[in-house]
Every structure is written in C-alpha cells, then in structure tokens.
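Please examine the sequence and the three-dimensional structure shown here before reading the report.

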Amino acid sequence: MKRLLGASIPLLAALIAFLFGAVMLLAIGASPWEGLKALLDGAFGSADRLAATAIKATPLVLVGAGITIAFRTSVVNIGGEGQIVAGALLSTSVALAVPDLPAIILVPVVLVAGLIGGAIVGAIPGALKAYASVNEILSTIMLNIVMVQLMNYLLRGPLIDPLEVEAGTRIPQTERLSDNATLPNIVPGVRLHLGVLIAVLAAIAVYVLLWRTPTGFRLRAVGHSPDAAKAAGINVKRNITTALALSGSLGGLAGAILVFGSEGQRMVTDGSSAGFTGSAGFNGIVAALFGGLHPLWTIPSSFLFGALLTGATNLQRVLQVPAPIAIAINGIVVIFVVSSGRLREKIDRMLEARAEFDDTPSTPETPAVVEGAQS
Amino acid sequence: MSDFFTMSILVATVASGIRLATPYLLAGLGETVGQRSGVLNLGVDGVMQLSAFFAYWTVLETDNLILGSFVGVGVGLVMGVIYAVITVVLQAQQGISGIGIFLFGLGFSDLMFRRQVGTPKPANQLPDVPIPLLSDIPVIGEALFEHSWLTYLAFAMVPLLAFMLRKTTFGMNIRAVGENPQAADSLGVSVGWTRTYAILIGNAMAGLAGAALVLELGIFQPNLTAGLGFIAVALVYFGAWRPAGVMSGALLYGLVAAVVLQWKAQGIIPRSASDIAAMAPAVLTIIALVVLAGRVQAPSALTRPFSRH
C-alpha cells in the first residue's frame with residue numbers, strides 16, 4: 001500500500017496540476033476538454049509530432065540528469081539556463097572557428113565544446129560554494145543573468161552574421177553554421193536527430209556514474225552527510241565543485257544540441273534566455289523532480305513534459321490559448337511534487353493504524369536537499 | 001553653463017537611480033521580513049510578474065493607479081497564502097518550491113497578458129508627487145523629493161520595518177522563530193502563525209514591488225522583471241538581513257543602473273557594450289556574496305521547516 005502510494009504521488013501531482021490547467025482554461029473561456037484533445041493531438045498526433053515531442057524532451061533529459069547529480073550531492077543547481085547558453089556559445093564559436101573539419105570530427109568536437117562550456121559555468125558556483133561558502137542557489141541564478149547578457153552581447157557584436165551587418169537589419173544571430181556540424185537524422189523521413197539518442201545515453205551514463213563508480217559513490221556520500229564523508233577521507237569541497245561542474249556540463253551539452261539540432265542551424269537571441277532555451281534550464285528541474293531525482297526516470301518524465309510543451313504549441317494554434325500555459329502548469333507540478341513529501345508523510349500517518357508492517361522504502365531515497373534539511 | 005549641465009545630469013541620474021531602486025527595495029524589504037522568520041522565498045520574481053500584470057491590467061481598464069497598486073498587493077497576498085500553505089503547513093523545501101512559484105508566475109502572467117491584452121499598450125504611469133517645501137531645496141530637492149508616492153512609501157518602510165523587527169513584540173517573535181524556533185515554541189510563540197504573517201508581509205511587498213515596477217513604466221511585457229526579483233532576494237544577503245542594509249544595496253543597484261542608462265543615452269559607452277553593462281547587477285551580487293560570505297550571519301533557522309518532533 002505504502003509502496004503504491006509512494007509511486008503514485010508524482011502522478012497525483014501531475015493530475016492536480018492538470019486540474020489547475022483545466023481551471024486556467026475555464027478562466028480564460030476555453031473548453032478544458034477541447035484543450036486536452038488539442039494538447040494530446042499536438043504532442044502525439046503524428047510521427048512528426050511525436051518526433052517534435054522527443055526533440056523538446058531532449059534538453060530536459062540532459063538538464064534533468066544533470067540536476068540529479070547536483071541534488072544527489074545536496075547541491076542545488078538553478079543555473080541550467082546559463083549553463084545551456086554557455087554550452088551553446090562555446091560550441092557555436094568552435095563551429096565558426098573550424099567550419100571545414102569533416103562531420104565525423106566536427107560533430108563530436110562541438111558537442112564536447114558544449115560540455116566544456118556548461119562545465120565551466122557550473123564549476124564557478126560550485127567552487128564558490130565549496131571554497132568561499134557562497135550560497136549556490138543565488139550564484140547560479142546570478143550566472144543565468146550574466147550568461148544571457150553575454151549571449152546578447154556576442155550575438156549582437158562579435159558573433160553576428162556579417163550579412164546582417166551588411167543589410168543593416170542587425171538581427172542578433174550568427175551566420176548559418178557549418179553543415180558538417182549538423183546533428184544527423186537517425187530516423188529516415190522524420191525530423192529526429194542524433195541529439196535525442198545522445199540525451200538518453202547521457203542519462204544512462206549518469207546512472208552508471210552515480211551508482212556504479214567510485215566518483216558517484218563519493219558524490220552521494222557528500223550528499224548524504226558531508227561530515228561523515230569528510231570523516232571517511234572524502235574531499236568534500238572538491239566533490240561539490242565536481243558535482244556542479246558535471247551538472248553544468250550536461251546543460252552545456254543541451255545547449256550545443258539546441259544549436260546544431262535546430263532547423264535554422266544557427267544561434268539566435270530574442271534578448272531573453274527563454275527565447276533560446278525554451279526555459280529548459282527550469283523545466284529540466286521539473287522533469288528531474290518529477291522523476292524522483294533518478295536519472296533513468298528523468299527520461300520518461302522529460303518525455304511527458306516535452307509532450308506538454310509541444311502540445312501547448314498546438315493548443316495555441318487550435319484554441320488560441322497562449323503556449324505559456326505549459327510553464328504555469330510546470331510551476332504547479334513543482335509545487336505539488338516538493339510539497340508531496342510531507343503530504344505523503346501525513347497520508348502515511350493516517351494509514352499507519354491499518355497498514356501492515358512494511359519496511360521496504362516507498363520511493364528511491366531522497367537526498368536531504370529536497371526534504372528541506374538544507375542549511 | 002557646462003557646470004550647470006553636468007549638475008543637472010547628475011541630479012537627473014540620482015533621481016532616476018532612486019526611482020529604479022524602488023522595486024528592488026520593496027521586494028528586498030519584504031524578503032527580509034520573511035527570511036528573518038526563517039522562510040526563504042525564491043518565488044519573489046514570479047509574484048512580481050503576476051502582480052505587475054494584474055496591476056497593469058487594472059490600470060489599463062480603469063485608469064485608477066491606486067486601485068492598480070492595491071490589486072498588486074492583493075495578488076501578493078494571495079500568493080503569500082499559497083506559499084504559507086506550501087512551506088509552513090506542508091513544509092516543502094523552500095528553494096525548490098520558490099522556483100515552482102516563479103515558473104507559475106512567469107507562465108501565468110504571460111498567458112494572461114497574451115490572452116487578455118495581446119500587444120503592449122501604454123497605461124497610465126505613476127505621477128511624480130513633489131513634496132511641498134522639500135522639493136524646493138536646490139539640487140537635492142529635485143533628486144530626492146520629486147518621486148511617485150510608491151517610492152516615498154518604499155523608503156518610509158525602511159525605518160518602520162527596522163523598528164518593527166527590533167522593538168515590537170511581533171518583530172521579536174519573527175526573529176525568534178527565525179533563529180531558534182524550538183525555544184520560541186517552548187515560550188508559547190506560534191512558529192507557524194508568526195512565519196505565516198511574515199510570509200504574507202513579504203509577498204504583499206513583492207506584490208507592491210511588481211506594481212511599482214510596471215506602473216512606473218506604464219507598460220507590461222512578458223518576463224518584465226528579467227530577474228529583478230531574484231536580485232532582490234540576493235539583496236537581503238547583501239544587506240545582512242537589516243532593512244537599512246537592504247536599502248543601501250537597492251540604492252547602489254538603482255544608481256548603477258541609472259548611470260549605465262545615462263552613459264548609454266550620452267553615447268559614452270557603445271550600444272553593443274550595454275549588454276555587458278547590463279551584467280553589472282548580477283556580477284555585483286556575486287562579488288558581494290563572495291565578500292560577505294562568512295562575515296554576515298543568516299538567521300539560524302533559515303530554510304528549516306519547523307515541527308515539534
């Protein structure tokens with residue numbers, strides 16, 4: 001009973017969030033039933049739409065798996081947006097610098113550049129937390145703001161498409177990047193590129209890293225109890241930095257995939273980070289939480305939120321309901337998932353009287369950071 | 001003549017700095033009250049976006065700026081009730097649930113704006129209300145005493161909140177539940193209710209900050225705050241959890257922003273560099289956090305939910 005309840009909490013949270021979504025639809029005078037139909041049709045209605053959902057899910061899987069590393073180390077990473085932008089900027093610069101490398105080399109090179117860009121921007125708040133006791137929630141958020149401005153500066157200035165300058169239109173975007181850097185399609189006839197596969201593999205790699213390697217053991221030990229880890233001879237400071245660097249690197253990889261999997265094959269800014277990332281840095285947190293902070297569960301969970309995002313685009317097209325409704329629903333999901341730990345405890349206590357003895361944990365153990373014991 | 005010209009630019013820059021500091025100050029002061037009670041609210045930015053939209057919409061429909069400001073506060077209070085349920089009753093992790101509030105505010109204000117207004121339309125702006133006599137003082141009169149009444153209110157809140165926190169029973173209860181909730185509880189102070197009131201004050205002020213931001217501009221656009229609410233949270237650390245400290249931080253940020261705007265207008269810095277200049281608040285915050293880390297003491301129970309067992 002408890003086990004069933006534990007697994008159903010995220011689903012319950014999603015259901016409640018969707019009920020709120022229905023209320024929002026009613027409030028703006030749209031039919032929730034038609035809304036749901038448009039949503040599902042938009043997300044799953046055809047092979048192309050399914051592919052679009054998978055493409056939308058890709059950065060969420062990566063950011064979500066990265067978030068898992070950070071949270072399992074009891075470090076909060078809210079810097080996904082900045083890390084995505086950093087990876088995109090570095091990989092774009094590399095593609096502009098060496099456009100003539102053959103695809104078999106250039107594709108891996110730009111992806112690694114993305115990883116490095118994200119890792120740098122992740123390592124900064126990590127090191128600041130470890131060595132200067134700077135609250136990482138604040139520093140990651142501040143770096144988001146910094147990276148957006150850096151993106152705007154670079155795309156309006158040094159990296160701008162020379163044709164835009166010539167024409168005087170000055171749209172802040174790079175020139176069309178080398179075709180050799182384009183992520184190849186993996187399914188003939190459908191727009192589904194290699195990035196989707198890479199994201200799934202990366203999430204599996206994170207699972208292996210966390211539970212099958214000494215590095216992962218150290219990270220989780222630090223997350224479980226920094227004092228105990230220190231007593232066991234683990235370098236807590238270095239592991240905190242590592243956790244945020246790794247977490248950031250996956251965001252950076254997502255950034256590279258966003259650029260080289262894009263239809264325009266270039267990096268564009270509308271002045272905001274959401275304009276480039278589609279808020280994947282935040283939505284990845286939602287997907288990770290919804291997946292119980294387990295890297296493998298992040299995959300289906302991201303697919304669900306990818307579906308919500310593509311579905312919302314269709315909602316806008318069919319019912320003129322603005323697509324940001326998806327972001328609002330995501331916010332409600334976060335609130336319910338993080339509130340539900342306590343909720344579950346309360347329900348558990350109510351059930352305690354008649355529940356049989358059952359000592360199996362109801363969900364994968366949750367690190368202290370999500371339970372509110374963070375200092 | 002040239003002296004007069006420089007002087008008038010200086011006065012205008014200081015005045016604009018004070019104006020720009022207002023939303024930071026209101027939101028930062030509100031967050032200070034919440035954090036002194038042990039509750040971190042990272043959702044300030046989302047609350048500000050929601051209240052900014054509803055205040056703007058109200059003014060667009062009714063032309064009533066006072067009503068718009070009250071609507072902003074009302075939206076803040078509603079979000080405060082929700083946040084109190086999440087953090088006090090359900091004891092959720094505060095950092096992450098704040099991000100939930102932020103996402104909801106970002107998405108819902110955008111949704112409502114696109115659905116109900118569509119394209120940005122100008123609404124009435126807050127008028128400047130010169131204070132009689134004081135505004136006649138040469139130089140500083142124009143810089144300090146010709147602002148909107150929300151700006152005066154924000155600065156008046158500084159001593160009021162400082163007094164409230166330091167001298168009143170309610171303020172002492174807030175500090176007690178933020179430092180040592182177990183001890184406060186054993187002395188008969190209701191930790192839950194005290195934190196709830198602090199959250200409501202904080203969110204109401206965030207709501208007013210959103211209204212002040214949008215009504216000063218007279219126009220709304222999605223993601224209007226562009227991270228202002230997050231910087232307001234950082235200002236609380238910057239100001240070492242004291243209203244006067246938060247005010248100095250807000251003024252510093254406002255003045256830096258005003259100087260950058262002024263330079264841009266005068267062409268002292270090229271247009272392309274203005275993006276770099278726009279990093280200033282965030283970079284300044286990171287530097288301040290590094291310098292202040294370990295030197296200022298956060299409320300001991302900050303982010304820790306309280307339960308008796």
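## Basis of the model

This is a predicted model, in which local features need pLDDT of at least 70 and side-chain atom pairs count only at pLDDT 80 or more, while totals for chains, interfaces and linings use all residues. Residues are numbered from 1 along each chain as its sequence is written, and chains are lettered from A and ligands numbered from 1 in the order in which they are written.

## Interface between chains A and B

Contacts join 43 residues of chain B to 45 residues of chain A; two residues are in contact if their C-beta atoms, placed from the backbone, lie within 7 Å. On the chain B side, the elements giving two or more residues are helices H4 (94-117), H10 (228-238), H12 (274-277) and H13 (280-292) of chain B. Helices are DSSP runs of H or I with at least four residues, numbered from the N terminus. The largest share of this side, 16 residues, is supplied by H4(B).

By class, the side of chain B that touches chain A holds 26 nonpolar, 13 polar and four charged residues. Ala, Val, Leu, Ile, Met, Phe, Trp, Tyr, Cys and Pro count as nonpolar, Asp, Glu, Lys and Arg as charged, and the others, Gly among them, as polar.

## Helix H13 of chain A

Helix H13 (residues 280-290) of chain A is largely enclosed by the rest of the structure, because 11 of its 11 residues are buried. A residue is buried if 20 or more other C-beta atoms, placed from the backbone, lie within 10 Å of its own. Among the buried residues of H13(A) are A:Phe282, A:Asn283 and A:Phe290. Just after H13(A), A:Gly292 adopts a positive phi of about 65 degrees.

## Surroundings of A:Gly195

A:Gly195 belongs to helix H8 (residues 194-212) of chain A. A:Gly195 counts as buried because it has 25 C-beta neighbours inside 10 Å. Apart from neighbours within four places in sequence, its contacts are A:Thr58, A:Leu183, A:Ile257 and A:Gly261. A distance of 9.6 Å separates the C-alpha atoms of A:Gly195 and A:Leu111, which are 84 residues apart along the chain.

## Packing of H2(A) and H14(A)

The axes of helix H2 (residues 32-44) and helix H14 (residues 295-319) of chain A come within 7 Å and cross at roughly 120 degrees. H2(A) and H14(A) are therefore oblique to each other. Residues making this contact include A:Glu34 and A:Phe44 of H2(A), and A:Ala307 and A:Leu319 of H14(A). The residues of the contact comprise 10 nonpolar, six polar and two charged.

Axes are lines fitted to C-alpha atoms, for helices over the stretch in contact, with angles from 0 to 180 degrees between N-to-C directions. Angles under 35 degrees count as roughly parallel, over 145 as roughly antiparallel, 65 to 115 as roughly perpendicular and the rest as oblique.

Note on methods
A residue is buried if 20 or more other C-beta atoms lie within 10 Å of its own, exposed if 12 or fewer, and partly exposed in between; C-beta atoms are placed from the backbone.
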